[in-house]
Amino acid sequence: MTPNLVYVVIVGVLFTAGIAMLLERSLTRVLMGMILLGNGVNLLILLGGHAGAPPIVGAAPGEEMADPLPQIMILTAIVITLGMTAFLLALAYRSSAMAGHDEVQDDVEDRRIMRLAETDQGSGTEDDR
Amino acid sequence: MNWLVPLPVVMPLIGTALTLMMARRPRAQRTVSLTVLTATVIVSAALLWFTTTEGSMVVTVGGWAAPLGIVLVADQLAALMLVVSSTMTVCVLVYSIGQGMADGHEETPLSVYHPTYLVLTAGVTNAFLAGDLFNLYVGFEILLVASYVLLTLGGTENRIRAGITYVVVSLLSSVIFLTAIGLIYAATGTLTMAHLVERLDELPDGLRLMLQGMLLLAFGIKAAVFPLSSWLPDSYPTAPAPVTAVFAGLLTKVGVYAIIRTETLLFPGGRAAVVLLILALLTMVVGILGAVAQSDIKRLLSFTLVSHIGYLLFGVGLTTQLGLASAIFYVVHHITIQTTLFLATGLIERRGGSTALDRLGGLARLSPVLAILFLVPALNLAGIPPFSGFIGKLGLVQAGAADGGVLAWLLIAGGLATSLLTLYAVARVWNLAFWRVPHPEMPRRGPLPRLMVGPTLALVALGAGLTVVAGPLFDIGDQAAGGLLERSGYVEAVFGGPR
């Protein structure tokens, strides 16, 4: 496909929206961002090959055929994105079942060290001797 | 003997299917997984032998010649990585079987564990053998998806929390990698690495640099290179001990392998060398400072894992044969040692009831075997002579000194400081967990099942034994590095003759 401005802009919009969603704390929104990003990438890959007749031997002269490779790659990528979407949804569901929400949490130990740093203490282990 | 090449990928996948069918028969599952992984080790060893004596082996999948079809390439580097990684998977599998039996899970184990573990192995081997970028991506996805499942095994609250961070970060790196692949295909019209060698040279300089940067970014996240490393100490420690061990040993190293492969084969000339060296320095120093501050053994080891990725980048960034050879030697050493340490930590948790340093003590007297199992790899990690960690670091220091630049000397200084701080960090674990009087809340008699001690002991011996075979191993690394820098051998092997 010759790089067509409309497609390029769509890829750009999908990426921008995807990244903006990715920065959210709620896992469901992160997931939406991932889906948008995935679609953006797929469209980007499609732009890499050229369009034309179906790539079947004898259907058209070689130069007029579409490049099948990007389409194969997109198929693979779509399957992977689908699987990941299902897994992330399961994670979000499990998280909301366990913790009552699906927000991405800070690490427990990180929070502990942060609190210690605020009160300017050591990690405490040495004092127990 | 080319038919051997796909076996390390195919066998674990067949094993996956079999173990899935045997979901209700744990004993049969164990037999199948062990057989498959042992066979993978044997095939990998054979591949290493053949690639060393006869040169790279290539299989064109389905008979479609490159660059149209998919090629699997086993050169010395790939074969060496296969041998080390498959050995780790077998040892960790035995350990996890031992743990499952000791925990009384023999009748009701998680039936997804074995299939997922085999899928993880298949992903790792596929990434090592991939001869084109898209297949490398697929390899990464296979191992990542398996790792998501293993990390969130059981679905406890803590694992879900850690799993979310891990999954989102990994997905982001996959998206970046896939974007880079799309752009590379659009620019060159091929993804076979051997074909890209010539096609990429024809591209404008700026475009090449951008593609190189995107690949480095994607692999940097997977390899946990600072500043893209903060996800690792956050997520790894929550998983079960054997899972953490196999992740620590293999997953980041696949990222490093991808960096080595693309930086030498696709983007030679060291345009990113300065960036790599600076990142190496930061990774080493920031990682180890993080380790020093930790009060939990698993988290501490995760930080040393990040820190020592810096040594590997150091070797790659030097872009000399000696530097690469040392990096390859160091990868072998580091995979073995880091896996061993996490397995030993699993045993500490079992005996002492915790991995928090302020809840442990007196383990040296309570369990001398455990003390040896921890101390030997810990000293090895810190680079005490005569262990392999010392030899690897010595090689890197020599390569840095041969380079002679200001940055190289800075890295040597940083590397030595990191080595000292590693020693400090593990000595602190030793002092707090193995000396002192036992903590009152520690269990009186923690069992140490033989099936868990056995593989750990084997890996400790293997790690120490690396010193004995250091000469031949370094020669293999040197030859592999020579092949990487030369490039033409790889291209000729794929296309079946000079082009």
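The crossing of helices α3(B) and α10(B) is left-handed, a term used when the near helix is turned anticlockwise from the far one by less than a right angle, clockwise being right-handed. Before I continue, please note that this is a predicted model, in which local features need pLDDT of at least 70 and side-chain atom pairs count only at pLDDT 80 or more, while totals for chains, interfaces and linings use all residues. Residues are numbered from 1 along each chain as its sequence is written, and chains are lettered from A and ligands numbered from 1 in the order in which they are written.

To return to the pair: α3 of chain B covers residues 76-102 and α10 of chain B covers residues 241-266. Helices here are DSSP runs of H or I with at least four residues, numbered from the N terminus. The two axes lie 9 Å apart, at an angle of about 165 degrees; axes are lines fitted to C-alpha atoms over the stretch in contact, and angles run from 0 to 180 degrees between N-to-C directions. The helices are therefore roughly antiparallel, the word for angles over 145 degrees.

Which residues of α3(B) meet α10(B)? Among them are M81(B), S85(B), M88(B), V92(B) and Y95(B), and the partners in α10(B) include P242(B), V246(B), L250(B) and Y257(B). Contact requires C-beta atoms, placed from the backbone, within 7 Å.

M452(B) sits in helix α18, residues 450-468 of chain B. Is M452(B) buried or exposed? M452(B) counts as buried because 26 C-beta neighbours lie inside 10 Å; the cut-offs are 20 or more for buried, 12 or fewer for exposed, and partly exposed in between.

By contrast, S111(B), in the loop between α3 and α4 (113-129) of chain B, has 16 such neighbours and so counts as partly exposed.

Helix α12 of chain B, residues 297-318, is mostly covered, with 22 of its 22 residues buried. After α12(B) comes T319(B), whose phi is positive, near 55 degrees.

Finally, the contact between the chains takes 35 residues from chain A and 32 residues from chain B. On the side of chain A, α3(A) gives the most, with 14 residues.

Notes:
Contact = placed C-beta atoms within 7 Å. Helix = DSSP H or I, 4+ residues; strand = E, 2+ residues; numbered from the N terminus. Parallel < 35°, antiparallel > 145°, perpendicular 65-115°, else oblique.
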